[in-house]
Amino acid sequence: MKAQDLQFTQLLEGSKQFIIPIFQRTYSWEQSHCQQLWADIVRVGKNPELNSHFIGSAVYIPEEDTSAAISRWLVIDGQQRITTMTLLLLAFKRRLEADQIDEPVGPELIEDYYLKNRYGKGDLGYKMLLTRTDKDTLIALIDNKEPGEDASHRILENYKYFSEQMASADLDAVYQGIQKLMIVDVRLQQGIDNPQMIFESMNSTGKALTQADLIRNFVLMGLDHELQTRLYTEYYITEFDDFMRYFLVVNTANQKIRRQDIYDEFKVYSRKHAVEDLLASLKEYAGFYCCIALGAEKDRELGDAFHDIRELRADVCYPLLMEVYKDYQGELLTKADFVQIARMIESYVFRRAVCDIPTNSTGQTFATFSRQLNKKNYLESVKAAFLLL
């Protein structure tokens, strides 16, 4: 690991490209963040007694051999501020073009130093490569083209904000302010530094990222960029902390997993499985969860049963329903049997509520319920288990 104080502009200089991994969040800075950044730049730019202003850190690791003509770096931390500064620099360039200003800095210098790689072909022509619609929107803005209908709202909104500020700004002060921005530049080494451990230490409180975010990054970080992209595209559907908890309950029968412990529990579970097998299983169970908990079931009888369970706020039974759904897909029981089992679960939850029985034991009941079943005689086995309750 090499860490140093660095001017932000130096971070972007040279033939290089910063890539946001597919598993990272999309660009999310709000206008309030941009307003604060702009105010800081103008303040330090107008005050000759202020030599610098710290804006955070940039942590990145080589995506491949950095001896190539254009080195490529995967951003571990710092996506939001690098992207925001790219939008600000682009707005600065547009103002220079509009006013035909070339001194002390002109639009061509801004583009060559901070926005594009002059000799890069295709995507390599850009200093910053975002993910999904963020990528297409930023490239369209840099190339002065009209973004598509599905353009990133946040990218467009913040670029518009900086453009409006530039229209009446003192460009000398803005340029001086940009030059005074400092970061902590942290360059990791492949095969030596562990990017996942560093990522965890930066997000140790769990406040900035959800448990699902942490799990997704844990699974994909460390894989090469192309494999990350393929696995994310093929397997990662959506982000539900609740789903991740229910998935673990189904596969570990441990109902006592607390929300804040989901990530740690998942790491333990994941060590027993290959990455692609794990993602395939997550995708499969996510489909069951969407049908049961989110109203995505297309079969009317099953959909009605799931709806009534949701009305009872009986999410504690979702792990059992997910497991039964998997067995239903595996043809261990018929649809009629599945509907009847769902109605038995509904009845059991409802009768407990009517009788005012405390709910603190219900979670463990459903987490371990399937252990009592003889799945060769599925429906009768479920009936017998409920009768014993």
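Colleague: What volume does the second largest cavity have?

Modeller: This is a predicted model, where local features need pLDDT of at least 70, side-chain atom pairs count only at pLDDT 80 or more, and totals for chains, interfaces and linings use all residues. Residues are numbered from 1 along each chain as its sequence is written, and side-chain values use heavy atoms, without hydrogens and water. On a 1 Å grid over the protein atoms alone, a cavity is a set of points where a 1.4 Å probe fits but cannot get out. Taking volume as the space filled by probe spheres set on the points, the second largest cavity has about 30 Å³.

Colleague: Which helix gives the largest share of the lining of the second largest cavity?

Modeller: Lining residues have an atom within 4 Å of a point; among them here are Val 249, Leu 320 and Phe 366. Helices are DSSP runs (H or I, at least four residues), numbered from the N terminus. Helix 11 (241–252), helix 15 (318–329) and helix 17 (362–367) each supply at least two lining residues. The largest share, three residues, comes from helix 15.

Colleague: Are helix 3 and helix 6 parallel, perpendicular or oblique to each other?

Modeller: Helix 3 (residues 79–98) and helix 6 (residues 153–167) pack at about 45°, with axes 9 Å apart. Axes are lines fitted to C-alpha atoms over the stretch in contact (heavy atoms within 4.5 Å), and angles run from 0 to 180 degrees between N-to-C directions. Under 35 degrees is roughly parallel, over 145 roughly antiparallel, 65 to 115 roughly perpendicular, and the rest oblique. Helix 3 and helix 6 are therefore oblique.

How values were computed. On a 1 Å grid over the protein atoms alone, a cavity is a set of points where a 1.4 Å probe fits but cannot get out, and a pocket is an open set with protein on both sides within 12 Å along at least five of seven lines; lining residues have an atom within 4 Å of a point.
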